[in-house]
Structure formats: C-alpha cells, structure tokens
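Dear colleague,

My notes on what was found in it follow.

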Amino acid sequence: MYGMVNKAIEQMVVMHHGEDAWEKIKVKAGTSIEVFISNEPYPDELTYALVAAASESLQVPQEKLLHAFGEHWILHTAMQSYGGLMRAAGRSVGEFLSNLPNFHARVSMIFPKLKPPRFECSDITEHSLNLHYHSDRPGLQPFVIGLMHGLGKMFNTPVEVKQTQFKHQGHTHDVFSVVWA
Ligand code: HEM
C-alpha cells in the first residue's frame, strides 16, 4: 500500500500515544524505515505488521484499532489532505456512498499504482443501502466499519453499520448494511 497509509497509522498513534510509543511499534514491526513516503508503494505486509505491533504494544485489539483507523482516515487523512476530492463526492452520507464505487478511480489519477478495494451499492433507499466490499486483502472489515462511522461524523449524521455477509464464510465478498438518520 502507498506510504500515506503507514503515515496515517503513525499520525493516529502519535496523536494519542506520543512519538516514543510509535518508535517502539516500528521496532516491534521489524522495520527500520525512518520516514514513510506518501506516494511510494510499500509491501502490504509492512502495514499489517505495523497494525499487529501497535495492537500488541498499546494493548488494543486489532479490530478496535482498525475501526479507529477508519474514522481517522476520513476525518484526519482524507479530509485534511484531499478535502476537495471528498467534498466533490457528495453532500450527504447517502450521496457519498452512492458515489463510493467510483471514488478510488479518481484517487488512482493521483496514485497510479493504487490497488483499491471495489465497492458496489444495492438496495438503496433514502436512509439505507447495502455496501458490497470486494478486496483481496484479508481482515480489513473493521476498517470499513470505521470508515462508515467517519463519514457519519463528517456529515454530522448518525450512522449504523452491520456486516450481513462474510467472505470468510465462503461468500464471494463482504456485505454491510448501512443505515443513516
Ligand atoms: C481522498 C480520499 C482517499 C484516498 C486518497 C484513498 C487512498 C487509498 C489508498 C492509498 C489505499 C491503499 C491501497 C494502495 O495503496 O494500493 C486505500 C485503501 C482503501 N480505501 Fe481508500 N482512499 C480514500 C478514501 C476512501 C474512502 C472514502 C473509503 C471508504 C469509505 C476508502 C476505502 C478504502 C479501503 C477499505 C481500503 C483498504 C484496501 C482494501 O480493502 O483492499 N477509501 N485507499
């Protein structure tokens, strides 16, 4: 994944736990990289190792950490660095989610080596939809749920998310039921 992902994890950890905690996490993850370059791709394994090390070191379950990272990604990474792109994608949770299937195509123009997830929407009503999430990367479902809550905060709209179909149970992909006020 692009370095901006590792950088965002760093920013979240430093914000809540300080620089020293982050240095220890990097050592635990077995990396000697001083600075992550945003627009340079790094192996996915490194990102997973950082999340695992942060979870161990901070004694926070990975699921909780990934959820928090989803919110952080929307509110502190995407909104702060790509506010224009985010605002152009919709003026409400419903509008934003309906545009989500095309969102990373725009991001790919900035990051040509992007390997984004694929999203689809179905059963769309005024206050709900089913979000279909396709990815070859394992274990990021709590991140997706955190992203939905981040969007809720961005639009000041309470959002409820529940996973209703699970890839690890043999389905082709994960499905989330998203309901907003
Ligand atoms: C301007 C805003 C955004 C940028 C710049 C961005 C960029 C990225 C990048 C760089 C990755 C790592 C993949 C790679 O490097 O090949 C990624 C992954 C991901 N993005 Fe985005 N993204 C943005 C917004 C969003 C939003 C709004 C959502 C959903 C609400 C989202 C959902 C995801 C998910 C779930 C992944 C994990 C990868 C996977 O599941 O395979 N992103 N994105």
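**Around the ligand**

By class, the shell around the ligand holds 24 nonpolar, two polar and two charged residues, where Ala, Val, Leu, Ile, Met, Phe, Trp, Tyr, Cys and Pro count as nonpolar, Asp, Glu, Lys and Arg as charged, and the others, Gly among them, as polar. Please keep in mind that this is a predicted model, in which local features need pLDDT of at least 70 and side-chain atom pairs count only at pLDDT 80 or more, while totals for chains, interfaces and linings use all residues. Residues are numbered from 1 along each chain as its sequence is written, and side-chain values use heavy atoms, with hydrogens and water left out.

Of the 28 residues around the ligand (a heavy atom within 4 Å), those that come nearest are His104, Lys115, Tyr133, Ser135 and Arg137. Three of these names return in the polar contacts (N or O atoms paired within 3.5 Å): a polar side-chain atom of His104 lies 3.0 Å from a ligand nitrogen, whereas an oxygen atom of the ligand is 2.5 Å from a side-chain N or O atom of Tyr133, and an oxygen atom of the ligand is 2.7 Å from one in Arg137.

As for the domains, which come from an automatic or database assignment, the protein is divided into domain 1 (3–60) and domain 2 (91–180), and their C-alpha centres lie 24 Å apart.

Best wishes

Methods. A polar contact is a pair of N or O atoms within 3.5 Å; within protein, one must be able to donate a hydrogen and the other to accept it, and residues adjacent in sequence count only if both atoms are side-chain atoms.
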